[in-house]
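Colleague: I would like to learn how to read a pair of packed helices and a pocket. Could we take them in turn?

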Amino acid sequence: MKDVFILSGARTPQATWGRGKRGDGTPGGALKSVDVFDLGAAAVKGAVERAGVAPERVEALVFGSAYHSHPNNCYGSRYVGLRAGLPESSPCYAVNIGCGTALQAIGTAAQMIRDGEAGLVVAGGAESTTHIGKDVLFPSFNDLSAGAYIGKTVEDLAVARGITREQADAWAMRTHDKARAARARGVFAEEIVALAGATEDDSILLETVPEYFAKSKAAYGGVVTGANAHGFVDAGAAVLLAGDAAAAKGRAPLGRFVSWAVAG
């Protein structure tokens, strides 16, 4: 079985969606003028350029979005590839596994390399939450098989596992603290490719005030709130995988893709 190496990666800034508030309290929407294909293309182009690989060498693209926010999203991966400058001869595959879509894309790309189907493949995902209609986005969180909104199932699990509102709030505050510290150290700047004037993640709170979390209204009982739940952003991310560790010019691989699994 062939080894699979991660040569490079890139992502756009995570921009708060157009109907939300940034971490500084101002209106979001820094990338609202960018469609999902350009979000993906920026990340793909960035990953390829950082590896010093000529675009025509890329043999395939595996890409996906959880939502079809654009009428032409049925061909979404193809548009991402073309806009990123990949050759027309390179096939573009689309995948969808909900929140794990980009991870599935990476796993599928790795399998292609292991099977000898391709030697150099880009994989990733993008989502333009701003462009998803409210009549689609919010109803999509209603789990038809569970008969409840996903947030309610999280609430039920929290109660069953003894997770308190205070613990959930503390964890959310910790994530903002760590993200803010990483941004200050320039960690995220190494990953991000600027797009449409946006240069950094803007959904990170400028400061984590316990009162902000404490006053947030509980959504389904007592644990899950708008403050400690995930945010909504517009973004794209991609990695370049290869079966040859020396495929990138002048730089060592970021790592080796060892194995993966999916469980329901």
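Colleague: In which crossing, left-handed or right-handed, does helix 1 pass helix 2?

Modeller: Bear in mind that this is a predicted model. Helix 1 passes helix 2 in a right-handed crossing.

Colleague: At what angle do helix 1 and helix 2 pack, and how far apart are their axes?

Modeller: Helix 1, residues 36–50, and helix 2, residues 76–83, pack at about 50°, and their axes are 8 Å apart. Angles of 65 to 115 degrees count as roughly perpendicular and those under 35 degrees as roughly parallel. The angle here therefore makes helix 1 oblique to helix 2.

Colleague: Which residues meet in this contact?

Modeller: From helix 1 come Phe37, Asp38, Gly40, Ala41 and Val44; they meet Gly76, Tyr79, Val80 and Arg83 of helix 2. Sorted by class, the contact has 5 nonpolar, 2 polar and 2 charged residues.

Colleague: Now the pocket. What volume does the second largest pocket have, and which residues lie nearest its centre?

Modeller: The volume of the second largest pocket is about 250 Å³. Its lining has 16 residues, and Gly9, Ala10, Arg11, Ala238 and Val239 lie nearest the centre.

Colleague: Which element gives the largest share of the lining?

Modeller: Strand 1 does, with 4 residues. At least two lining residues each come from strand 1 (4–11), helix 3 (101–114), strand 5 (120–128) and strand 8 (233–242).

Colleague: How many residues of each class are in the lining of that pocket?

Modeller: The lining of the second largest pocket has 8 nonpolar, 5 charged and 3 polar residues.

Key:
Residues numbered from 1 in each chain as written. Predicted model: local features only at pLDDT ≥ 70, side-chain atom pairs only at ≥ 80, totals over all residues. Heavy atoms only, no water. 1 Å grid on protein atoms, 1.4 Å probe; cavity = no way out; pocket = protein on both sides within 12 Å on 5 of 7 lines; lining within 4 Å. Points joined across faces, edges and corners; volume = space filled by probe spheres on them. Nonpolar A, V, L, I, M, F, W, Y, C, P; charged D, E, K, R; others polar. Axes fitted to C-alpha atoms, helices over the stretch in contact; angles between N-to-C directions. Parallel < 35°, antiparallel > 145°, perpendicular 65-115°, else oblique. Left-handed = near helix turned anticlockwise from the far one by under 90°. Contact = heavy atoms within 4.5 Å.
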